[in-house]
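Dear colleague,

Please find below the structure that I am handing over to you. My notes on what was found in it follow directly after it.

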Amino acid sequence: MDATEVLRHDHRVVEQLFRDYRAAASDTQRRGVVEILIRELSKHAALEEVLFYPFAARVLADGQVDRHLAGHTPIKELLLELDRCPEGDRAQDELMTRLASAVARHVRDDENELMPLLCSRADEQALRELGQEIDQGKQRAPTRPHPHAPDKPPALALAAPVAAIYDRLRDRMQGRPRT
């Protein structure tokens, strides 16, 4: 799969998690879905920031990527608020509604604007190689939101691996789901 296909697949997984949340029968089930959603969106955002957006910026070279990257900050802030919510917190439903809206906007922008433009200008082999790199990067990506961490190179290249190690240790200590 090329990079856009990998990221589109991630988008479908996240959309399914929002449906799973709405269908959950208990606070415990909803919290389990929230934990998985936080992990998956955190990894996805980090990999877009570290790999996809820098590639897109090189190919497009006209500043179009900055707007898409800026859309990550409010999503990561909502993820952080959700991460801090205890099971059964009434704020969780409202945060999930806001997050679903922000993610839907981000997905629409990426899939309807950025990705088609990138596919029309980028080398197919380079997109396939990037897709493989993104897929492999899921094993090393941060699993928690870091809205105040750098989101652009070169600082991002240093911050992301440190955040990932910290997150994975924290996840293990707190008994959170792993992938």
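Glutamate 124 and arginine 128 form a salt bridge, with 3.9 Å between the closest N and O atoms; the term denotes a side-chain nitrogen of Lys or Arg within 4 Å of a carboxyl oxygen of Asp or Glu. The two residues lie four positions apart in helix H6, so about one helical turn separates them. Helices here are DSSP runs (H or I, at least four residues), numbered from the N terminus. Glutamate 124 is exposed, its relative accessible area being 59%, while arginine 128 is partly exposed at 39%. For these classes, buried means under 20% relative accessible area, exposed means over 50%, and partly exposed lies in between (1.4 Å probe, protein chains only).

Please note that this is a predicted model, in which local features need pLDDT of at least 70 and side-chain atom pairs count only at pLDDT 80 or more, whereas totals for chains, interfaces and linings use all residues. Residues are numbered from 1 along each chain as its sequence is written, and side-chain values use heavy atoms, with hydrogens and water left out.

Across the whole structure, the search finds 14 salt bridges. One of them joins arginine 144 to glutamate 35, with the closest N and O atoms 3.5 Å apart. This pair links distant parts of the chain: arginine 144 sits in the loop between helix H6 (124–137) and helix H7 (155–174), and glutamate 35 belongs to helix H2, 109 residues apart. Both arginine 144 and glutamate 35 are buried. They also take part in a network of salt bridges that links Arg31, Glu35, Asp83 and Arg144.

A further salt bridge connects the side chains of glutamate 49 and lysine 76, at 2.9 Å from N to O. Here too distant parts of the chain are linked, since glutamate 49 is in helix H2 and lysine 76 in helix H4 (residues 72–84), 27 residues apart. Glutamate 49 is buried, with a relative accessible area of 4%, and lysine 76 counts as buried at 8%.

Helix H2 itself (residues 27–60) has a kink of about 45 degrees centred on glutamate 48; the bend at a residue is the angle between axes fitted to the seven residues ending there and the seven starting there. Of the 34 residues of H2, 25 are buried, so the helix is largely enclosed by the rest of the structure. Just after H2, alanine 61 adopts a positive phi of about 45 degrees.

With kind regards
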